[in-house]
Every structure is written in C-alpha cells, then in structure tokens.
Amino acid sequence: MGCLALLVASVVGLALGLSNLSYKSPYVHPGIYPAPDTSFIGRRTQVHLPQEQADVAVIFIGGFGDQTTANYRSVYEWMPPLPIPGKQVRAYYAWDGAEGSLFDHNTEEIRQDLAAFLRINPAAHLIFIGHSYGGSATMDVLRHLGATPHGRVLVVTLDAVSCRERSYPRERAAGVDYWVNSYCAPYRTAGDIVPKIGGPWRHCEQADANLCFSGEQRGSDGRRYQHKYPHPLFVDVAPGGQESAYAQLLRALKELNLNPEQNG
C-alpha cells in the first residue's frame, strides 16, 4: 500500500474517531479478569497480558482508530469468560502496540508479552479476537510464535484488514486449530473508507467458518452492518446462517474438547 493512501486512510479514520468520542459500551461483564477500566481514558488504554500462572489467555487486538472510538472495546467488555476449566486472563492491545504509527504494522510488543506468558504457562490455550488491522496483526503474532510450546489456538477475525505487504496474504498461521472469519460486504457507509484503502480480507478460504454481513442490512444495534462497529459482527447471526461468530467460537471449544462439561 502506498504511503499516501495509508496517510489518507489514517486522517479519515482519525476524523471518524473524533466524531464518536461519546460512544459508550452498554454493558461490562463482571467476570472478566483483570477487570476492565471503564473510565474514558481507561477504555482507550492497552491491557497487557498478565505475567502470571493461567490456563487460558484471551487476547483482543483492535484496529486503527480504536483507541479513539473505543468501538471494539465493547466486544472485550461484553464477552463473558469462556466455558473452559482453569484460570483465564485477558489482554487488550492496539494493532500497532499503541505507538500511533501511520506506516508500521508493529506487533513486537504483543509478541514479547505472549512469549513471556508462555514461558510461565507453556500449556495454556490461546484465543485471539482481532478486529480490522487487529485481524492481520493476530495472524502476524501467530506466525512469529513458531515452535513455542502452547495449548490450543483459536482465532476470530472481525472484518480483518491488511496494513502492509507482509499481511496481504489472507493466510492461516501455522498452529491455528480453529478460525472463524466474520466480515462485512458490501460496504455502504462513509466509515468504511479505511478498510477499503487498507485491503479488506473478506472471505478467507483457509478459515473454518466465514460469516458475511451485508452493509445493506441492519444489525442488532439498529445500524447498518459496517466495519467500524464490530460488536454485531461478533454476536449477530449472519443472514442465511445459523450461528454467530461467538457461538461458533463456543462450538469450537466443544469440538476441541476444551469444555468437558458441554461434552458430557
């Protein structure tokens, strides 16, 4: 992607973000650990992966402008603890490590935190949920994981978008046990200009499940399905489908035998 195109996308994204500073999540789930900070600044601050003993790490990676709008933060705050035995910890990262870079897709901070976590918990299961550039950042993090010991790896991408050439291939990282890809097409709002410039992944052949939401229809929040509001892409059932991305994630936990109570 040319620098000029990305600069234009960045400026537009910032403008759209500033117009949504008042957006608030309608709910915060009480069972999340660490408990999320719900203050104005707190909702726009990264939550690093805790370096402590745990059985499951749920890692959310947001897209460009998310630290301004906090739109993706509602997914992090809403999702209850997953039905997996053991201790769960959560983390919430910006796609560029919160560096505010316009031209770099830097996942080094996330990779370092994950490596340190896995040194303490080599058998921990990893669940990644990435939105926009956070979708491609998720696969980038997992490509760097290599042979590091870990448990099962599940990924949910919400309207994933590429940022630079290395993330253009919509390829499944090695070691991913299940991948749910939820996306919006066609786009129908002005807020969708950023993913158009960045390069939306849309349907991914290597995903285990693809859920398509038409921008011509409205979601559970009353708005058209669109890139900048990922929550409906996570919790709604796609037109013609039977399960939401969240329900697909829960079903995958059962299929991978991570939820023995369900299997019983």
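The largest nonpolar core of this predicted model holds 35 residues, and F60, M79, L82, I127, I129, L154 and F234 have the most contacts inside it. A nonpolar core here is a set of buried Ala, Val, Leu, Ile, Met, Phe, Trp, Tyr and Cys residues joined through side-chain atoms within 4.5 Å, with buried meaning under 20% relative accessible area (1.4 Å probe, protein chains only). Two or more core residues come from each of β1, α3 (73–78), β3, β4, β5, β6, α7 (231–235) and α8. Helix α8 gives the largest share, six residues. Helices (H or I, at least four residues) and strands (E, at least two) are DSSP runs, numbered from the N terminus. As for F234, its contacts (heavy atoms within 4.5 Å) take in V75, W78, M79, I129, V156, L158, S244, A245 and Y246, leaving aside residues up to four places away in sequence. There is also a second, separate core of 29 residues, with L49, M139, A173 and C204 among them.

Now to the sheet. Its six strands pair in parallel and form an open sheet in the order β2-β1-β3-β4-β5-β6; a pair requires at least two DSSP bridges between the strands. At the edges sit β2 (88–93) and β6 (209–213), each pairing on one side only. Neighbouring strands are turned by 10° against each other on average, direction ignored. Between β1 (residues 56–61) and β3 (residues 125–131), which run parallel, there are six bridges, and F60 stands opposite I129 in β3.

Two helices pack on this sheet. Helix α5 (residues 133–143) touches β1, β3, β4 (153–158) and β5 (178–184), and its direction makes about 150° with that of β3. Helix α8 (residues 245–255) touches β3, β4, β5 and β6, with its direction at about 175° to that of β5. These angles, on a scale from 0 to 180 degrees, are between N-to-C directions of lines fitted to C-alpha atoms, for helices over the stretch in contact. Helix α5 is largely enclosed by the rest of the structure, because 10 of its 11 residues are buried; Y133, G134, M139 and L142 are among them.

Overall, the protein chain has nine helices and six strands, and 55% of its 264 residues count as buried. Of its contacts between residues at least 6 apart in sequence, 76% join residues at least 24 apart.

Residues are numbered from 1 along each chain as its sequence is written, and side-chain values use heavy atoms, without hydrogens or water. Since the model is predicted, local features need pLDDT of at least 70 and side-chain atom pairs count only at pLDDT 80 or more, while totals for chains, interfaces and linings use all residues.

Note on methods:
Buried means under 20% relative accessible area, exposed over 50%, partly exposed in between (1.4 Å probe, protein chains only).
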